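Reader: I am new to this structure. Please walk me through it in short steps.

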Amino acid sequence: MIVVFVHGACVRDGEWWWSRVADALRADGLASVAVRLPSCGEVTGAASDFAADVAETRRVLREVGPAVLVGHSYGGVVVTEAANAGEVAHLVYVSSFLPEVGQALAHLGPAEPAPYLDFSPEGTFGVRREMLRERFLQDCDEQAVKGAVARLTRQEASVLTAPVRHAAWRHLPSTAIVCAEDRATPPALQRSQAARATWTVELPTGHHPMLSHPHLLADAVRTVAVRPGRV
């Protein structure tokens, strides 16, 4: 079994974001790979919309075979459409969303845009740097904070309003990981979304447990990788 990671919005370099968890899993003999998202500018020459993110995730899944597919934040919307039975044994949502068919990320949270997001007239959005540590990284070490700041990027805003056409969590076993100290995606919202998953696990972390508490997140992922049909 291999673990496939899909990162969240407005960042690049998925391998870096997931590297601490990947190292912990590798110590137990579990391999992993991080998907590059075209809408974040990580795939040269590709379209830069939600459909391209889904297509790239499916391409990786076809290459690696049966996988535990892990989506963080926006990445959970991507994996919801991208996962197919046979290629994915278990879905893991980290501080994330489980949309129904026809729902987009913009339908799942507050009606007003989050104050930590900056939207441009050109149709892109990004995270306000001055709010990154307070909202997203309050429990992270300085090395992680510096690395995260260096990897911020702007993303096509159309990904927020693109409806999913396939709700994989309805057909596959899934685990929702609620980050109970998250200051970006409210824990109450996470719990309401987690009610759609097969199982729920709560971690005492902020929005990025892969940086702040990688061994806690690795433990949760390891459990479903070893026993993908249950936790």
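This is a predicted model: local features need pLDDT of at least 70, side-chain atom pairs count only at pLDDT 80 or more; totals for chains, interfaces and linings use all residues.

Reader: How many residues of strand 1 are buried?

Author: Helices (H or I, at least four residues) and strands (E, at least two) are DSSP runs, numbered from the N terminus. Buried means under 20% relative accessible area, exposed over 50%, and partly exposed in between (1.4 Å probe, protein chains only). Strand 1 covers residues 2-6 and is largely enclosed by the rest of the structure, because the buried count is five of the five.

Reader: Which residues of strand 1 point one way, and which the other way?

Author: In a regular strand the side chains alternate between the two faces of the sheet. Here Ile2, Val4 and Val6 point one way, and the other way point Val3 and Phe5.

Reader: What is the bridge partner of Phe5 in strand 2?

Author: Strand 2 (residues 32-34) also pairs with strand 1 in the parallel sense, over three bridges. In strand 2, the partner of Phe5 is Ala34.

Reader: What is the bridge partner of Phe125 in strand 7?

Author: Strand 6 and strand 7 pair in the antiparallel sense over two bridges. In strand 7, Phe125 has as its partner Gln155.

Reader: Are the rings of Phe119 and Phe125 stacked or edge-to-face?

Author: Rings of Phe, Tyr and Trp (its six-membered ring) pair if their centres lie within 6.5 Å; planes under 30 degrees apart count as stacked, over 60 as edge-to-face and the rest as tilted. By this rule there are five aromatic pairs. The centres of Phe119 and Phe125 are 5.5 Å apart and their planes lie at 15°, so the pair is stacked.

Reader: Is Phe119 buried or partly exposed?

Author: Its ring partner Phe125 counts as buried, at 2% relative accessibility. Phe119 has 39% relative accessibility, so it counts as partly exposed.

Reader: Which residues does Ala157 contact beyond its neighbours within four places in sequence?

Author: Ala157 lies in the loop between strand 7 (155-156) and strand 8 (174-179). Ala157 is buried, with a relative accessible area of 17%. Contact means heavy atoms within 4.5 Å. With those neighbours left aside, Ala157 is in contact with Phe119, Gly123, Thr124 and Phe125.

Reader: Within what arc do the buried residues of helix 4 fall?

Author: In helix 4 (residues 129-136), Met131, Leu132 and Phe136 are buried. The arc is that of the directions from the helix axis to the C-beta atoms. Seen down the axis, the buried residues line one face of the helix, because they fall within an arc of 125°.

Reader: What covers the buried residues of helix 4?

Author: An α-helix has 3.6 residues a turn, so residues three or four places apart point the same way. The cover over the buried residues of helix 4 includes strand 6 (124-127) and helix 5 (142-150).

Reader: How far from a polar atom of the side chain of His208 does the backbone oxygen of Phe136 lie?

Author: His208 lies in the loop between strand 9 (199-203) and helix 7 (209-212). His208 is buried, with a relative accessible area of 8%. Not counting residues up to four places away in sequence, His208 touches Trp17, His72, Phe136, Leu137 and Cys140. From the backbone oxygen of Phe136 to a polar atom of the His208 side chain, the distance is 3.2 Å.

Methods. Residues are numbered from 1 along each chain as its sequence is written. Side-chain values use heavy atoms; hydrogens and water are left out. A polar contact is a pair of N or O atoms within 3.5 Å; within protein, one must be able to donate a hydrogen and the other to accept it, and residues adjacent in sequence count only if both atoms are side-chain atoms. Two strands pair if DSSP finds at least two bridges between them.
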